[in-house]
Amino acid sequence: MSARRPAVLFVCLGNICRSPLAEAAFRREADAAGLTVEIDSAGTGNWHVGNPPDARAQEVALAAGVDISGLRARQLAAADYRRFTHIFAMDAQNLADIRARAPHDATAEMALLLDLVPGREGASVQDPYYDGEEQFEYAWADVSAAARELVAKLAG
Ligand code: 4NP
């Protein structure tokens, strides 16, 4: 185990739905646990760079008490692989893209987010972008479960 302070990056495709929700859920759990950790999110794609989270994602986070309206999408960058100790992907394609872009000097551990959740190993946080509000509720439930496990793991 490294003594370095943890720094966690959540990555999805657009950085407007799943990874901002993961960032919000983890910030909430980390704050509640008094865990000091750097937290951010990014997308592998660049279509939404500079945009706030999808309105449906903002709603579901706000309903859980987290205002994510101030977040802005950004694209995953080479420096992220050294700046962060952990990079979590939302689905298998996402993880493959992240690994494929990793620079040779990458130090971050890369994994699927739901690998943190017992019984959900290998599962995806489904992309809710083209679906209804209900899918955003499922995404929030998934990222919240992972956030609780991650806080326990990093605090322990
Ligand atoms: P996210 O959702 O990866 O969870 O932010 C998506 C947002 C936008 C697109 C795809 C997924 N898009 O194709 O624009």
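**Close-up views of the sheet and its helices**

**View 1. Strands S1 and S3 are parallel neighbours.** Four bridges join S1 and S3 in the parallel sense; two strands count as paired if DSSP finds at least two bridges between them. Val11 has Ala89 of S3 as its bridge partner. Strands (E, at least two residues) and helices (H or I, at least four) are DSSP runs, numbered from the N terminus. This is a predicted model: local features need pLDDT of at least 70, side-chain atom pairs count only at pLDDT 80 or more, and totals for chains, interfaces and linings use all residues. Residues are numbered from 1 along each chain as its sequence is written, and side-chain values use heavy atoms, with hydrogens and water left out.

**View 2. The open sheet has four strands.** Their order is S2-S1-S3-S4, with parallel pairing. Strand S2 (38–43) and strand S4 (109–112) are the edge strands, each pairing on one side only. From one strand to the next, the twist averages 20 degrees. Axes here are lines fitted to C-alpha atoms, for helices over the stretch in contact; angles run from 0 to 180 degrees between N-to-C directions.

View 3. Ile87 stands opposite Met110 in S4. Helix H4 (residues 92–100) packs on the sheet and touches strand S1 (7–12), S3 and S4. Contact means heavy atoms within 4.5 Å. The direction of H4 makes about 165 degrees with that of S4.

**View 4. S1 is buried along its run**. Six of the six residues of S1 are buried, so the strand is largely enclosed by the rest of the structure. Buried means under 20% relative accessible area, exposed over 50%, and partly exposed in between (1.4 Å probe, protein chains only). Ala7, Leu9 and Val11 point one way; Val8, Phe10 and Cys12 point the other.

**View 5. S1, H1 and S2 form a β-α-β unit**. Helix H1 (residues 18–33) belongs to this right-handed unit. Right-handed means that, with the strands pointing away from the viewer, the path from the first strand over the helix to the second runs clockwise. S1 and S2 pair in the parallel sense over six bridges. Val8 stands opposite Ile39 in S2.

**View 6. Helix H5 packs against strands and helices**. The buried residues of H5 (residues 133–155) include Phe136, Trp140, Val143, Leu150 and Leu154. The buried residues pack against S1, H1, helix H2 (55–63) and S3.

Definitions and conventions. The expected span of a helix is 1.5 Å times one less than its number of residues.
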